[in-house]
Amino acid sequence: MKAAPFDYVRAQNLAHALDKLSESGGDAKLIAGGQSLVPMMAMRLARPALLIDINRLDELKDIEIQATHVKLGAGVRQRDLEFHPQLHSHLPLVGKGMQWVGHEQTRNRGSVGGSLVHADPSAELALAALVLEAGFTLESKSDGRRHLKADEFFLGPMFTAVSDTEALTQIDWPVWQGTHVGTSFEETAIRKGDFAMASAACQIQTHEDGRVRRISFGIGGVDGTPLVFPELAKSLEGQVLSPESALHVAHVAAQSSQPGSDMHATAAYRKHLAKVLLSRALHSAYAEACANTQASNIL
């Protein structure tokens, strides 16, 4: 199929883009990389009357790295996130998740903000944002600027809190302070680069003796949005994470999900897969954190 007819304007700056959004009456879409929107338009799942091109807005491509946080403009390319020399040391979970995002060609064009606004339940960046409790800055001409946490941003499959006249302009990723941090990102897809049948992400910080100091984890592809489990995570604090406790927590988390069935897998299989992947992610992240502890002690 071909896209339905639409008008096109290239934004001169962010203010110009917000003006056009405000004037559109809710019938416009922003486009940067277009790796999600263009296929939807081609299948006529999206029919905007106006496309506002923000691809060349340098003000949306800033990368600010501080000790406590990393701020990314919504227009930052996925490939820039993947290959930036400092980002992986500050956001190791995001770095590992990027290895599963689409294909090299789509990462060359796709933007970080575009992936997050698309809000696919199996999207790796969405899962990482929820696990790390990222913050989102939205801007509009009429209402100015507002800030949301990740759990306020993702509302359902392909559905976020961004209004028709708002633009996502910045994502603020917290950086965990201190040493002894381990991360893991696990995923299964029909082919590498395809949408995840299920995924799991975990970040753990331990004490010197291996007890869990801080932990956050989640699963993707098995519900309307990626899921995180702060209460389950809280129950693990102060413990030495055993294979049995990791498997128990993974089972409880997976059972709370509501996946669908399709030609690739049944809902029951997806729940089982989520349990296995989360158990693996918990074990791997914990092992990495403990290894970092040992290396620190040796030094």
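The coordinates belong to a predicted model.

The chain contains twelve helices and 14 strands. Its radius of gyration is 20 Å, close to the 19 Å that the globule rule gives for 299 residues, so the chain is as compact as a globular protein of that length. Along the principal axes, the C-alpha atoms fill a box of roughly 60 × 45 × 35 Å. Of the 299 residues, 51% count as buried. Among contacts with a separation of 6 or more, 64% come from residues 24 or more positions apart.

Helix α1 spans residues 14–23. Its buried residues are L14, H16, A17, L18 and L21. An α-helix has 3.6 residues a turn, so residues three or four places apart point the same way. The buried residues of α1 pack against β1 (7–10), β2 (28–31), β3 (50–53), β6 (135–140) and β10 (166–174). At the start of the helix, a side-chain oxygen of N13 comes to within 3.2 Å of the backbone nitrogen of A15. After the helix comes G25, with a positive phi near 70°.

In soluble globular proteins, nonpolar side chains tend to be buried together. The largest nonpolar core in the model has 40 residues. Those that touch the most other members are V94, L116, F136, F154, I171 and W173. Two or more residues each are given to this core by β5 (69–73), α5 (92–98), α7 (112–118), α8 (124–132), β6, α9 (150–153), β10 and β11 (181–189). The largest share, eight residues, comes from α8. V94 illustrates the packing. Beyond its neighbours within four places in sequence, V94 is in contact with L81, L125, A128, L132 and W173. A second, separate core has 32 residues, including M197, F217, L227 and L273.

Seven of its nine residues are buried, so β13 is largely enclosed by the rest of the structure. With β12, the strand pairs in the antiparallel sense over eight bridges. Here Q203 has S216 in β13 as its bridge partner. The hairpin of β12 and β13 has five residues between the strands, and G210 takes a positive phi near 95° in that hairpin. On the other pairing, two bridges join β13 to β14, and the strands run antiparallel. G218 stands opposite V228 in β14. Six residues separate the strands in this second hairpin, where G221 takes a positive phi near 80°.

Two loop residues were examined individually. T225 lies in the loop between β13 and β14 (227–228). With a relative accessible area of 18%, T225 falls under the 20% limit and is therefore buried. Residues up to four places away in sequence aside, T225 touches P121, F154, L155 and G156. Of these contacts, F154 is also among the residues with the most neighbours in the largest core. D194 occupies the loop between β11 and β12 (196–206).

Definitions and conventions. Residues numbered from 1 in each chain as written. Heavy atoms only, no water. Buried < 20%, exposed > 50% of the residue type's maximum accessible area, 1.4 Å probe, protein only. Helix = DSSP H or I, 4+ residues; strand = E, 2+ residues; numbered from the N terminus. Contact = heavy atoms within 4.5 Å. Polar contact = N/O pair within 3.5 Å; in protein donor to acceptor, adjacent residues only side chain to side chain. Core = buried A, V, L, I, M, F, W, Y, C linked by side-chain atoms within 4.5 Å. Rg over C-alpha atoms; globule rule 2.2 N^0.38 Å. Pairing = 2+ DSSP bridges.
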